[in-house]
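Here is a walk through one structure, taken helix by helix and then on to its ligand. Keep the 3D view open as you read.

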Amino acid sequence: MSSDGKFGIALVGLGRSGHFHLTSIKGLSDSVSLVWVVDTDAGKAENIAKNMDCKWASSMDEALQDSSVHIVIIASTTDTHFSFIMRSLKAGKAVFAEKPISHTVGEVHEAVELALKKNLPFVCGYQRRCDKNFRVLKQHVEAGSIGQLKMIKSCSRDNPLPPLEYLRTSGGIFQDMLIHDFDMQDWLSGGQIPDSVISVGHCYNPEIRKMDDLDTVAVMAKYPSGLIAMTDTSRDASYGYDQRVEAFGEKGMLTAKNEMTSTVELANSAGHLMPPAAWSFPQRYEEAYRVELKEFVALVKAGPESEEHKKEQCEMLRHPRIVKVAAAAELSWRLGRQVLLSEDLAALEKEAGIVHDNDKLSTASEPVDTASVVSDTISSDEHRAASESTGTLSEDEQAYKEKTSDWTSTTKRNSFGDTFRNYEDSKRQDVVSKTYHTMHAKQTVEFGRQQREAWLKFDKGEFTIMEMIDLLDDLVDDSDPDNDLPNSIHDFQTAERIREQWPDHDWFHLVGLLHDIGKVLALPKVAGACALEQWAVVGDTFPVGCAPSDACVFGVESFKGNPDLKDLVYSTANGMYQPSCGISSLMMSWGHDEYMYWVLKENGCTIPDAGLNMIRFHSFYPWHDKRAYTQFEAPEDAETMKWVKEFNKFDLYSKGDELPDVAKLKPYYQSLCEKYNVGGKLRW
Ligand SMILES: NC(=O)c1ccc[n+]([C@@H]2O[C@H](COP(=O)([O-])OP(=O)(O)OC[C@H]3O[C@@H](n4cnc5c(N)ncnc54)[C@H](O)[C@@H]3O)[C@@H](O)[C@H]2O)c1
Ligand SMILES: [Fe+2]
Ligand SMILES: [Fe+2]
């Protein structure tokens, strides 16, 4: 508390929710003072600062260092929440964050654990808990007014449709909207955890559909106690904001209805007419937003020894619980089946093709300082192991890499004695050109989705790495102008060249061997009738869902006939992505790179991430070689690209090498497979 007896506040994010928090702060002027407003939109921040007579900034750095700030309110876009929460807690501030904390249970746990470790007040804004009507309903449930609780039914329909820009970073309807209902169910049921959920949904709005999201959903949850909870939600209710809750029990029913704009009913020949419901959430929850902040400030004021503080700390673990239910509900819709909460949700997410923001590179403009988070909580040895496993280069390695990086200068000719990557008049021009033209016309967003659905179930069989390499003897890559040898030879050539230049980096040797094995997608012996034609397996890759770049081989012309070029969104430069979203968040054209990456992830391969990314992006020449699609890069992609480029020299220029003695080399590479946890039968 400062000398005037007030708590200093930094408010981060000045959009729709930032505004209702501003209103609440004004109403609490006897106990708090607004010290900073922060928004990446500097103009907005400056204006509001002028009105509120406080400081402003477009990043939260200064506010975090300011000792007169005791409370940080985080109301910026959802994708920033986790990193901002972590940074604020680490700076010793009490945190009030808008929902959700994060979409991944792991991150929510991390945030809660840090708040507990630092013993700081941390509340996430599920304001329905502060709504006076829902509070009365809960009091009745707790008082036994309806006996044993058997069913909870909630209805949650937004109005008006939120801006599409908001929806793009919202994390989807399950984590953005239904999370409030899951919170309500958690609250009313006294913290019960469902054992299964089942969801159905539809998307009427074509723009939302393109985001791979829904606008209309129904979810049912079943609890071990027998309780059934159901909720329906829509992004758009034409008659106003609609949020109702019903609790049904052995002795009766409780209903919390909408609050109408007045209580006056007009009866005439048309019927009994009531005025409309509140227009939207700022009106409906105006009082609840005020109450939630007031109670938060009271919690901060009560201090860490108080009963309220201890109670809130005990109840904090509800947050990962709720996010887990939301994740399971989304999986139920995506997989088209009931999901048990006891299932391995991470594995199901993989099956459903869900990639989290934190699996991708962070899109927050102030990403979490993970290095310092890690160093806060783990020992330096563990830290070293962690940085090794993510493929971060030490200084020695960096120096070594610089030393070897001009290796290609001695090798200028491919196996035909031609220059490399000749797409104009190579000896294989016809077949190469045909493969690329078909690929560019047929790789669409829809095709990519279908392939992920078909292949990432890993139900094609169990084979060892060496069995797959032997099968690749049958495959000559139709996109390759540099060689017409079986692909298995190329795998060993690449690996051996890397081994020669990077003798101490055995995981890198293994990457050389594994990088092209995904080409088994084209082999009927592996995939039966699902085997793909080579245009969907080999060749340079590019992102679908945005306009093609002329840097792709055979140029934009070769994409003629691709139906996505007629799509209003997919045909634009950024297409279905946000700028700076990170290369890992792009939906790449389907082929061997992406498939092999996921095969290794699925089977628990322990090659460092830098190596797995080499496999995933080695064919993305338009990016790493021609520097197209850079609008999607996040800062961390620079490191990924360095490694991919290092790898690509060996992939490309080893094609002029002597034929390797495969039988002699196999025992060494089998030992590497074992070392990196892919020595036995893998699921493909
Ligand atoms: N509890 C509720 O009823 C409720 C209602 C609406 C929104 N929300 C939550 O509030 C959050 C914001 O939603 P909104 O509707 O206000 O969105 P909004 O788009 O109206 O506002 C977001 C604001 O954050 C700013 N911003 C973005 N990145 C930033 C960064 N890195 N640093 C600082 N500012 C940044 C934007 O410039 C914008 O002004 C969302 O996470 C949402 O889930 C909660
Ligand atoms: Fe390849
Ligand atoms: Fe290759």
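Start with a pair of helices. Helix H21 (residues 487–501) packs against helix H22 (residues 506–514) at an angle of about 160°, and their axes lie 7 Å apart. Helices (H or I, at least four residues) and strands (E, at least two) are DSSP runs, numbered from the N terminus. Axes are lines fitted to C-alpha atoms, for helices over the stretch in contact, and angles run from 0 to 180 degrees between N-to-C directions.

This is a predicted model: local features need pLDDT of at least 70, side-chain atom pairs count only at pLDDT 80 or more, and totals for chains, interfaces and linings use all residues. Residues are numbered from 1 along each chain as its sequence is written, while chains are lettered from A and ligands numbered from 1 in the order in which they are written.

H21 and H22 are therefore roughly antiparallel to each other. Angles under 35 degrees count as roughly parallel, over 145 as roughly antiparallel, 65 to 115 as roughly perpendicular and the rest as oblique. H21 passes H22 in a right-handed crossing. A crossing is left-handed if the near helix is turned anticlockwise from the far one by less than a right angle, and right-handed if clockwise. On the H21 side, the contact uses Asp491, Phe492, Thr494, Ala495, Ile498 and Arg499; H22 supplies Phe508, His509, Gly512 and Leu513. Two residues are in contact if their C-beta atoms, placed from the backbone, lie within 7 Å. The contact of H21 with H22 has five nonpolar, three polar and two charged residues. Here Ala, Val, Leu, Ile, Met, Phe, Trp, Tyr, Cys and Pro count as nonpolar, Asp, Glu, Lys and Arg as charged, and the others, Gly among them, as polar.

Stay with H22. It also packs against helix H25 (residues 609–617), at an angle of about 20° with the axes 10 Å apart. H22 and H25 are therefore roughly parallel to each other. H22 passes H25 in a right-handed crossing. Trp507, Phe508, Val511 and Leu514 of H22 meet Gly611, Met614 and Ile615 of H25. This contact of H22 with H25 has six nonpolar residues, one polar and no charged.

Which way does H22 run relative to helix H28 (residues 662–675)? The angle is about 110°, and the axes are 10 Å apart. That makes H22 roughly perpendicular to H28. Asp506, His509, Leu510 and Leu513 of H22 touch Tyr669, Leu672 and Cys673 of H28. Domain 1 (7–124 + 288–311) and domain 2 (130–284 + 314–342) both give residues to its shell, so the ligand lies between them. Domain bounds come from an automatic or database domain assignment. Of the 27 residues around ligand 1, Gly13, Gly15, Arg16, Ser17 and Glu98 come nearest. A residue is near a molecule or strand if its C-beta atom, placed from the backbone, lies within 6 Å of it. Helix H1 (residues 16–27) gives the most to the shell around ligand 1, with three residues. The shell around ligand 1 divides into seven nonpolar, twelve polar and eight charged residues.

Finish with the backbone. A cis peptide bond joins lysine 99 and proline 100, with omega about -15°. Proline 100 sits in the loop between strand E5 (94–98) and helix H5 (105–118). Another cis peptide bond links asparagine 159 to proline 160.
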